[in-house]
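Student: Could we go through this structure together, asking each time what a label rests on?
Tutor: Gladly, let's take it one term at a time.

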Amino acid sequence: MSDLTDGAIRAKEDKLYRNVFLQENTRFILSRAYAAVGHYVTESDDEWSVALMAFNDAIDRFEPGKGEFDGFAALVIRRRLYDYLRSERRFVNEISLEPYAIDADDFHEDDEVSSIAMEVRQKTVEQAFEGADERDITDEIASVGEVLTAYGFSFMDLADASPKAAKTKDGCARVVAAVLSNDFLRDKLRSQKALPIQDILVRVKVSRKLLERHRRYIIAAVEILDGDFPLLSEYMESIRKVMVE
């Protein structure tokens with residue numbers, strides 16, 4: 001259980017501590033607001049007020065048995081800000097869709113920032129303004145988030161785990177295809193809640209470094225493509241191509 005989850009559980013019952021908890025997590029709230037709207041947000045902006053109220057609401061609605069608070073709060077903040085942007089009649093071209101919606105202090109230009117999470121965020125914004133039902137994909141994100149929690153990470157953690165280079169993407173895709181086509185690998189992954197690296201190295205010609213660096217992406221891809229997540233699966237075209245070759 002993460003520190004943020006522990007704090008949220010306490011803040012839900014202790015109203016005095018809640019104010020302290022809100023102040024301690026200013027940076028988290030600002031970073032998630034930035035991820036949702038695509039531009040820097042300060043405490044003097046309207047988006048900050050919306051995000052703060054969403055974070056406070058997330059504390060009240062959080063159910064500990066359904067995953068970590070980090071991912072849940074990020075989801076509530078994003079939905080609330082999307083609703084706010086629509087109500088303000090702001091169009092999608094006012095929102096930066098660059099896939100760099102990660103914590104500003106953690107960003108480096110050479111990081112592998114192309115990720116499932118950020119691609120989904122971009123497409124979700126576009127669909128929301130085109131009249132698509134945002135709830136469908138956000139519900140899928142919430143559901144797969146519960147699955148990933150068992151592996152010790154959240155859907156939002158994928159930003160730092162996804163491949164950027166074409167060669168690395170191809171390697172990850174071959175690993176995912178191998179796991180999905182092999183009952184032994186898939187069962188071992190789920191029973192141990194960890195990527196069976198040694199068993200994969202015997203079957204797929206990739207480096208240990210690739211498996212260790214992108215294990216979260218590979219695990220998420222396996223669970224998404226092998227589960228009931230049709231919308232999220234659409235964002236994994238490169239892997240599906242390898243699966244049918």
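Student: At what angle do helix α3 and helix α4 pack, and how far apart are their axes?
Tutor: Helix α3 (residues 26-37) and helix α4 (residues 46-61) pack at about 115 degrees, and their axes are 9 Å apart. Axes here are lines fitted to C-alpha atoms, for helices over the stretch in contact, with angles from 0 to 180 degrees between N-to-C directions. A word on the source: this is a predicted model, where local features need pLDDT of at least 70, side-chain atom pairs count only at pLDDT 80 or more, and totals for chains, interfaces and linings use all residues. Residues are numbered from 1 along each chain as its sequence is written, and side-chain values use heavy atoms, leaving out hydrogens and water.

Student: Which residues make the contact of α3 with α4?
Tutor: From α3 come T26, F28, I29, L30, A33 and V37, and from α4 come E47, W48, A51, L52 and F55. Contact means heavy atoms within 4.5 Å. By class, this contact has nine nonpolar, one polar and one charged residues. The classes are as follows: Ala, Val, Leu, Ile, Met, Phe, Trp, Tyr, Cys and Pro are nonpolar, Asp, Glu, Lys and Arg are charged, and the others, Gly among them, are polar.

Student: Why is α1 called oblique to α2?
Tutor: The axes of α1 (residues 3-13) and α2 (residues 15-24) come within 6 Å and cross at roughly 140 degrees. That makes α1 oblique to α2. The cut-offs are under 35 degrees for roughly parallel, over 145 for roughly antiparallel and 65 to 115 for roughly perpendicular, with the rest oblique.

Student: What is the handedness of the crossing of α1 and α2?
Tutor: α1 passes α2 in a left-handed crossing. The term applies if the near helix is turned anticlockwise from the far one by less than a right angle, and right-handed if clockwise. α3 passes α4 in a right-handed crossing.

Student: How do you know that T5 is buried?
Tutor: T5 has a relative accessible area of 1%, so T5 is buried. Buried means under 20%, exposed over 50%, and partly exposed in between (1.4 Å probe, protein chains only). T5 lies in helix α1, and T5 touches F62, E68, F69 and D70, not counting residues up to four places away in sequence.

Student: And what makes R208 partly exposed?
Tutor: R208 has 38% relative accessibility, so R208 counts as partly exposed. R208 is in helix α11 (residues 208-213), and beyond neighbours within four places in sequence, R208 is in contact with I197, Q198 and L201.

Student: How many helices and strands does the protein chain have?
Tutor: The protein chain has 14 helices and zero strands. Helices (H or I, at least four residues) and strands (E, at least two) are DSSP runs, numbered from the N terminus.
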